[in-house]
Each structure stands twice: as C-alpha cells, then as structure tokens.
Amino acid sequence: MLHESPIIQLGGFNIDLSVIIMLIVTCTIVFGLAFAATRNLSVDNPSKLQNFMEWVVEFVQGLITSTMDLKKGKPFLSLGMTLIMFIFVGNMLGLPFGIVTEFDNVQSAQVFGHEIIPVKEALEQAQASHPGEAAHVGISWWKSPTADAGVSIGLALMIFVLVHFLGIFRNTKAYFKHYVQPFPFFLPINLIEQFSKLLTHGMRLFGNIFAGEVLISVLLKMTALGVGGMVASVLGLVVWQGFSIFVGSIQAFVFTILTFVYISQSIDTHEEEH
C-alpha cells in the first residue's frame, strides 16, 4: 500500500505539506550550492565547486547553442541553470530515503491544529469496512517535489507563460499569424498543439519521477515477505536507484532543452518575419 500525503485544509485550499517542505529543501540545496561555488571565485586556483558550476554554465550554454543563436539565448542562461539544477536536485531527493509517520487515530493526526485529511478519510473508511479493528495510516513527508503533478505542471506553466509572453510582446504579428498557418481552418489544431505542449512538458517529468518512486515503495514492501523478499528488495533497490539517477538526470535535461526549443521557436519566427 502506498503512503498518503500530509494534506491539510488552509484558507479553503488543500495544502500538501510534503510538497511545501520538499520545495523549501530543494531551493535551499540549490541556493547553497550556487552560493558556495561562487563565494570565493578564483582564476588561478578555482575550487571543485567552482569548477562544477563552470561546467554547468558551459553545459547550459551548449543546450542554448543547440537550439538558437547564443546572442539571442544568452538572456535565458540563468533560467536554464536554475531549471536544470532545481529539477535535478528535486528528482534526486526521493531516492536515498523516506520519512514516514503512522497514525491510528484522528486526534493525533493534526498539524498546526489542522486535521490531516487523508488520515481522517482512510481511518473512517477502515472503520466502516472492518468495525472494531485497529487501523494504521502511513503519511509520507519526504519525496521528490517533481513527483507531484502540481509542481511539474507548475514549472511547465511558468515556461508556457514565458514563451507566449515573448511571442506576444516581441513577435506580435508573427505570433498571432502562426495560429492560422498554413490555412485558417488549422486554427483549432494549432491551439490544441499549444496546450498539448504544456501538458506533455509537465506530465513527462511528473510521470517518470512518480513512477520511479512508486516502484521504490513496492520494492521496500517486499521486505515483509521474509528473507527471500528482503534479498530481492535490496538487489532491486540497488539496480532501480542507479537507473533512477539516470532517469532523473535525463528528465532534467529534457525539460530544460524543451524550454529552449519553445523559446527558440518564438524568437526564430520573429527573425524570419523580418
């Protein structure tokens, strides 16, 4: 059984506390890395972190030049570095360990005076199905933030808004014209294409990371099957976590380069019109 998320209701909205916590952790790690790498910059004797950050800069510059001219893409270098570091760190956070707490009554499942909604619902459902029997609900507090659809789609929505902002304000005529090309009756198809970019951009990241963490949870559950299950669980975790590092890295790369592709399409169309 998968663990529930610590969701509370605040101001009429359902807030997933694990997502908030993991976003803060991810931002703190990325900021800490950037700060430590640039704190004592040196040309003659650069630190290992400075060398790493310079490699990231060159890598992102390579992504930009593979999709557009560097002069046009240079203003987006910081965006690319932030995206690839944030997504990579976020993808890795759910791999090393998990933090789970278990609750057996609604009264103890509270945070800041607010009930944890999934615990209440799961316990009530368990009592209705098996009256009188003890029930336990596990709450997961530690996971990859990108394993949450809201975070992944939110990142994609940020890029979606940026790309269309650039199209509208830097490429107005061509931006609106391309919706009716090659013929006006292609308008619905072009509109669907734009919204499909938003969904695929975010859901690809979410799907890959979420699926990886689900499989890790399943492998951990195999330890309950005895010695054979424990051996299979350990071997499976070693193999899958190694593969998950590869998947997490690829997804950070794919999300970032697609960002530059979408921006490039907007800017290149602008240049062609002139």
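## Exercises on a predicted model

Helix 4 covers residues 77–93, 17 residues in all, and spans 24 Å from its first C-alpha to its last. The model is predicted.

**Exercise 1.** Work out how the span of helix 4 compares with the span expected at 1.5 Å a residue. Then find how many of its residues are buried.

*Solution.* 
- Step 1. The expected span is 1.5 Å times one less than the number of residues.
- Step 2. For helix 4 this gives 24 Å, and the model's 24 Å is close to that.

**Exercise 2.** Describe helix 5, residues 117–129. Which of its residues are buried, and which exposed residues does the face turned away from them carry?

*Solution.* 
- Step 1. Helix 5 has 13 residues and reaches 18 Å, close to the expected 18 Å.
- Step 2. Its buried residues include Pro 118, Val 119, Ala 122 and Leu 123.
- Step 3. These residues cover an arc of only 125 degrees around the axis, which puts them on the same side of helix 5.
- Step 4. Turn to the face away from the buried side. Exposed Gln 125 and Ala 128 are found there.
- Step 5. Find the packing partners. The buried residues of helix 5 pack against strand 1 (7–10), strand 3 (100–103) and strand 6 (137–140).

**Exercise 3.** Locate Lys 143. Is Lys 143 buried or exposed? With which residues is it in contact, leaving aside neighbours within four places in sequence?

*Solution.* 
- Step 1. Lys 143 sits in the loop that runs between strand 6 and helix 6 (149–170).
- Step 2. Its relative accessible area is 13%. Buried means under 20%, so Lys 143 counts as buried.
- Step 3. List its contacts. Among them are Asp 16, Asp 148 and Glu 213. Ser 5, Ser 18, Val 19, Met 22 and Gly 94 are in contact with Lys 143 too.

**Exercise 4.** Step back to the whole protein. How many helices and strands are there? What percentage of the residues is buried? How far apart are the mean positions of the positive and negative charges?

*Solution.* 
- Step 1. Count the elements: nine helices and six strands.
- Step 2. The protein has 274 residues, and 38% of them are buried.
- Step 3. Take the charges. There are 13 positive and 19 negative ones, and their mean positions lie 12 Å apart.

Methods
Residues numbered from 1 in each chain as written. Predicted model: local features only at pLDDT ≥ 70, side-chain atom pairs only at ≥ 80, totals over all residues. Heavy atoms only, no water. Helix = DSSP H or I, 4+ residues; strand = E, 2+ residues; numbered from the N terminus. Buried < 20%, exposed > 50% of the residue type's maximum accessible area, 1.4 Å probe, protein only. Lys, Arg positive; Asp, Glu negative; His and termini not counted. Charge placed at Lys NZ, Arg CZ, Asp CG, Glu CD. Arc of directions from axis to C-beta. Contact = heavy atoms within 4.5 Å.
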